[in-house]
Amino acid sequence: MPVCVLNNMISVGLFTTAKLAEIETIADEFGYAPIKAALNFGYLTRKSYVAFLERSGFPLVDVRNEVVDETFVEQCDLLHLNAFLYLPLRRDGRGNLLVAVADPMDEQLQGILENKFNTKVQLVAASDLDITWMVHKLRGEFYVKEAVFSLMRKDPESSGLTTFTDYQLLFIFIAIGLSFFFLTINFVNSFIFINLAFSFIFLFAIVFKLSIALKGSKFELSEVVTKAEVKAVENNSLPVYTILLPVYKEDKLIRKLIWNLRSLDYPRGKLDVKLLIEEDDDKTLNAVKDLDFPANFETIVVPFHMPKTKPKACNYGLFFCKGVYLTIYDAEDVPDSDQLKKVVCLFRKLPKDYVVLQGALNYFNKNENLLTRMFTLEYSYWFDYMLPGLQSLDVPIPLGGTSNHFKLAKLLELGGWDPFNVTEDADLGVRVFEKKYKVGVVNSTTLEEANNEPFNWIRQRSRWIKGYMQTLLVHMRNPPRLIKKIGWRGFFGFNFFVGFTPITFLLYPLLLGFYIVYLVFDLQTVRILFPDWVLYISIFNFIAGNTLMIYVNMLAVFKRRFYELILFALMNPFYWLMHSIAAYKGLWQLIYKPFYWEKTNHGLTKVSHSASAATAAGKVNEPR
Amino acid sequence: MKLTVQRIRILSLLLVIYYLALAWIFNRAGFEHSERLFYSEKIMLLFENSENTLLTLGTTFPTTSYLINILFAPFGYLFAPIAGSIVLMVTLFFFILKDINDSELPFRTLFFSVVVLFFLHPQFVYAAISGRNIAAIVLFTYLLFRSLFFYYNNQTTYYLSLASVFLGALIFSEIKFLWLILGFLPFVVLVSLEGIKTAKGEPVALQYYQALNNRSLRRKLVNRTVSLYFILYLLPLAAIFLFRTLNQSHAGDPTYFLSSQYSNWRVTGVSTIANIMERGSGNNLNKQTQIIFPFFTMFLAPIFFSALFLFKGKLYKLLTLLTPLIFISIALIDIQFYLTAEYYIIIPIIAFVGLNFSSTVKVNRFMSSVILLAGTLLTLVGGFYYFSQTSDFEEQHLVKMVTEKKLWPETKVDTEDKILADYITSIKSEDRPVLIDDAAAYGIIAHLPNLNHLVMPLQKNFITVIENPALSVEYILIAKINNLRHNFTAMNAYNMVQMQTRLNLKSNRVFETENWIVYSVR
């Protein structure tokens, strides 16, 4: 091994030769400098490394405040700068090129740089994180622009940069205009028509969801990947697996994050974990610097560029990925330890056109309060019943926020995520289907933190609903073309699922309002607007719709045996009112700030996920 | 040997043809059940009447039979209920045949049992050709219990949800089956216990003891039981609540669908205990008043004993099979009501559930076949015995028709309803409308070609007309004192006397049958 700081650390007992060999293997596989491999694959804490450097006569320079002659930096590619952790600063008084490096003893790197710049190079020590921050800030512009505009360039019809197309605006205004026109010339009949239309849309959407949930319930006990299959996997055969962790101001969760990553049953040297931090997020960066134990992830700093969204950060991270497969987790996620192996097994079993696998999401703080209970019911119903049902129907599946596992090559082919869509996962699920690929469901769970605070919940939900509206608008720009791409079944599935979801939330308070007005104000005027047959249908739709809504949520408790939650399903009509509030907020934002990312505050729960993870996941798929 | 789906379809088609032929024969001989006529009349009202169609559609009970019959309206209003009941019985036949493929019992014997009962058992044939809602009841009963057994074997909530849907459909076929909910209560707890997995292999009592004395297990048991109850009962109970709400908003009475003679055939059509005691016949009535009645129903269907003997499974599966007996015991609480064929036929149907899903060869295959065959043949005998002893007037009429060999008259036999309908058709016109109350006269209306020139309670002007008929109508149809539905209609002999006295109504008898008189009032 060429001389580097790690060799010197053996003599002081910070390393062993065996570990050095492991690091070398990783460095070769990933194309990294050895020190990068050591710091980012859990072999070395930054604190102990800095202390060693300082003891060895290499004090760190504050590279972020150093004067940088960009003519040197501009000659370097970001990928190389990032991989070898160096930053050319400027010439010193003796004409040597000062280069800030993470490993000032790296003779090989010194040689490479002297050849490149054709000058003598003086290496100075700097924090690897500061170097990372600087190189991405100085050289990341091209990549971040690609992250933002690549999809728009390659496939403008699929980009959410334009929220409403001209035709869509025309259609909407004509529809509104016609409504007003008919209400003016014949208010009663028009009102009745609108009322009935709303009622039927509402009921139909609910019945459709019930039928999908029932279909999904057939697969309650199916294990697409068994424990025996996972056990039979040989570690040597496993490919490199990339995990993207986009974070923003999650300094409090970094320790939990490392703990969760350590729990993953996957060879350390094959985990390519990228912590994606925004350029202005010094809180998180400093939290990483201050860790007392080795980090098992690489930090990527996403340069500032609007829109400031998670999909943009993930697209940026794609340039640095080395894996065959890729997944995304949030900072607080607790995936099943064997999730990655299960995904690898399943990809190997499935036909080649399966390019994405969605894991189930659930919550570790499910019993914290009423809101978390309702949230848990909702997620259980969605991931344990709806997704399997949708998969069996062969219609587009809106992906979940995290635990989507991609074949990286196919993800790149699809153009990554749409940075302008705030539910980029849902949008990507539709695009997967459009390209004739398939989404599968893997029997593995990732536990998250359920929002336990109502306003925080509404913010989060408004983003999701806004994203669904964006997805609907994007893919319905040209309905005949969409039908041609995904067929009639896919078209109806997409509209009923992605389209009707926000619509039913918007309609629900209106329908409730009509009904309450009728019950409370028994006026002649109201009776004119509600003739017998309209009232009959409205009552039917209202009661049947609410009952079915409660019922599908009750179904949700069975797979994970969350039986204590079943009674809370009765609170669904009120929970839907919160959805409606979020829907209107989302609609308002869709018009005025469509790309605004409502940041969800995490770390609010008082429940420890490590203590409750075993009980929260429930015994899925065991015989009942 | 297994039956392919195609073969089952062919057999089903044969059964359809067989039932159609029998229905034609009996209809020609003059057998028309009043329940069938009730559905026919209500379907006719739905399509021919322009007023209050919502009331007709939304409150006619039982809903499932009525809605299914509507689908066959294009084939004729009178034929629609028969078509409906035939299709439902054949659907049941189809499902049972499909399921015998999964049974451990000797296939040929089981197949023979099914075919013999569906082709020859009087109650099965009666259910198919009478146009009554018996077919809906047995079909949904079978599907309900079938779904429950699928759930026991597969443990997925899909089948539990299906069971809930079928339970709802069954309740909307016959409201008394609501009491099945009570019958299910005990075994659901056992099902929950099974899921808790405590003291496996130990006696149930010990499992219970352990579960109830362990705080965590007790909580799990309670939670799981409550969850199962919710999934099983929520849909049917919510459907009833919805139906009652709709009845309240449109008829001003949440139980209109049960208590109104315009909505529910059972208000006027059943043989009440009082009527039967008055006219006195049939020994089955005596047995119905005894506490052992549920066992009597089992004795008329010994195939149920065969199913119990060949039973293999857990206690809760056995309790599930015995649930109908609990239900019949509860149904007997309404002692005004005579239990007709549908309460007997569900026993062999449940037996098939047990034979298909929870049985095994006992002793050896030959003996198991013998037990099954014996049960089948004795059940056949039981079916004939039932009809020979029935206290229901219409069933007695059917028996008489068969035993007195009146199935092959030279010409088609016109029933009293048909004769009256023909007469009314000949006399009514725009200038000479007829006042008729379908609370009792639905059978007559069902035979009419259309509803033109009739004044009926469904119409807004009925109340006005009935105040002084002479001003608006030419003819009135009156139920005689001896008419069994005399007390359920406003147009009866008693009120006729009142009208003649109070309104000085001048009337002439223009036509008379055993139970009706047509008066001319102008």
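In the predicted model, helix H2 of chain B covers residues 34–48. At 1.5 Å a residue, the 15 residues of H2(B) should span 21 Å, and the end C-alpha atoms of the helix lie 20 Å apart, which agrees with that expectation. Of the 15 residues of H2(B), 13 are buried, so the helix is largely enclosed by the rest of the structure.

Two packed helices are described by the angle between their axes and the distance between the axes. In chain B, helix H5 (residues 80–100) packs with helix H8 (residues 134–154) at an angle of about 25°, and their axes are 8 Å apart. Angles under 35 degrees count as roughly parallel, and H5(B) is therefore roughly parallel to H8(B). The crossing of these two helices, H5(B) and H8(B), is left-handed. On the H5(B) side, the contact consists of B:Ser85, B:Leu88, B:Met89, B:Thr91, B:Leu92, B:Phe95, B:Ile96 and B:Asp99. These residues meet B:Ala135, B:Ala136, B:Val138, B:Leu139, B:Tyr142, B:Leu143, B:Arg146 and B:Phe150 in H8(B). Sorted by class, the contact of H5(B) with H8(B) has 12 nonpolar, 2 polar and 2 charged residues.

Helix H20 (residues 454–475) of chain A and helix H21 (residues 479–520) of chain A cross at roughly 150°, and their axes come within 10 Å. Because angles over 145 degrees count as roughly antiparallel, H20(A) is described as roughly antiparallel to H21(A). The crossing of H20(A) and H21(A) is left-handed. H20(A) contributes A:Ile465, A:Tyr468, A:Met469, A:Thr471, A:Leu472 and A:His475 to the contact. From H21(A), the residues taking part include A:Leu482, A:Phe494, A:Asn495, A:Phe497 and A:Val498, and also A:Gly499, A:Thr501, A:Pro502, A:Phe505 and A:Leu506. The residues of the contact of H20(A) with H21(A) divide into 11 nonpolar, 5 polar and no charged.

A:Tyr379 is found in helix H17 (residues 370–393) of chain A. The relative accessible area of A:Tyr379 is 9%, and the residue is therefore buried. Leaving aside neighbours within four places in sequence, A:Tyr379 is in contact with A:Leu361, A:Asn362, A:Tyr363, A:Asp384, A:Glu448 and A:Trp464. A:Gly400 is 21 residues from A:Tyr379 along the chain, and the C-alpha atoms of the two are separated by 9.9 Å.

Terms used:
Residues numbered from 1 in each chain as written. Chains lettered and ligands numbered in written order. Predicted model: local features only at pLDDT ≥ 70, side-chain atom pairs only at ≥ 80, totals over all residues. Heavy atoms only, no water. Axes fitted to C-alpha atoms, helices over the stretch in contact; angles between N-to-C directions. Helix = DSSP H or I, 4+ residues; strand = E, 2+ residues; numbered from the N terminus. Parallel < 35°, antiparallel > 145°, perpendicular 65-115°, else oblique. Left-handed = near helix turned anticlockwise from the far one by under 90°. Contact = heavy atoms within 4.5 Å. Nonpolar A, V, L, I, M, F, W, Y, C, P; charged D, E, K, R; others polar. Expected span 1.5 Å × (residues − 1). Buried < 20%, exposed > 50% of the residue type's maximum accessible area, 1.4 Å probe, protein only.
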